[in-house]
Amino acid sequence: LSAAIIRLRTSLQMPATLVAAGISREVIAANKEAIVQAALADSCCLTNPAPVTADGLRKIYEAVSG
């Protein structure tokens, strides 16, 4: 699945990270907690197949930050 997502992103010429998308590291760091809290407040978290936690969202955020 991971390889398929990477192929799709590449074929669509989408950036792999937020930095590659042109967002500065300063903006990324300054907004991290607000984005994590907004994601936790999303009603989709209730029906996610795996439990959604703030720590898990922070790890995803770090992975896509670049």
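Is C44 buried or exposed? C44 is exposed, at a relative accessible area of 54%; exposed means over 50%, buried under 20% and partly exposed in between, computed with a 1.4 Å probe on protein chains only. The model is a predicted one, in which local features need pLDDT of at least 70 and side-chain atom pairs count only at pLDDT 80 or more, while totals for chains, interfaces and linings use all residues. Residues are numbered from 1 along each chain as its sequence is written, and side-chain values use heavy atoms, with hydrogens and water left out.

The protein has three helices and zero strands, and along the sequence the pattern reads α-α-α. Helices (H or I, at least four residues) and strands (E, at least two) are DSSP runs, numbered from the N terminus. Along the principal axes, the C-alpha atoms fill a box of roughly 30 × 30 × 15 Å. Of the 66 residues in the protein, 9% are buried.

The structure holds zero disulfides, a disulfide being a pair of cysteine sulfur atoms within 2.5 Å. C44 is in no disulfide, and the nearest cysteine sulfur is that of C45, 7.3 Å away. Because the sulfur of C45 lies 7.3 Å from its closest cysteine sulfur, in C44, the two are too far apart for a bond.

Helix α3 has 12 residues and should span 16 Å at 1.5 Å a residue; its end C-alpha atoms are 16 Å apart, which agrees. The expected span is 1.5 Å times one less than the number of residues. A54, L57, Y61 and S65 are the buried residues of α3. They cover an arc of only 75 degrees around the axis, so they sit on the same side of α3; the arc is that of the directions from the helix axis to the C-beta atoms. An α-helix has 3.6 residues a turn, so residues three or four places apart point the same way. On the other side of α3, D55, K59, I60 and A63 are exposed.

The largest pocket holds about 170 Å³ of space. A pocket is an open set of points on a 1 Å grid over the protein atoms alone, where a 1.4 Å probe fits, with protein on both sides within 12 Å along at least five of seven lines; lining residues have an atom within 4 Å of a point. Grid points are joined across faces, edges and corners, and the volume is the space filled by probe spheres set on the points. The lining consists of L18, I35, V36, A39, L57, I60, Y61 and V64. Helices α2 (25–41) and α3 (54–65) each supply at least two of the lining residues, and α3 gives the largest share, four residues.
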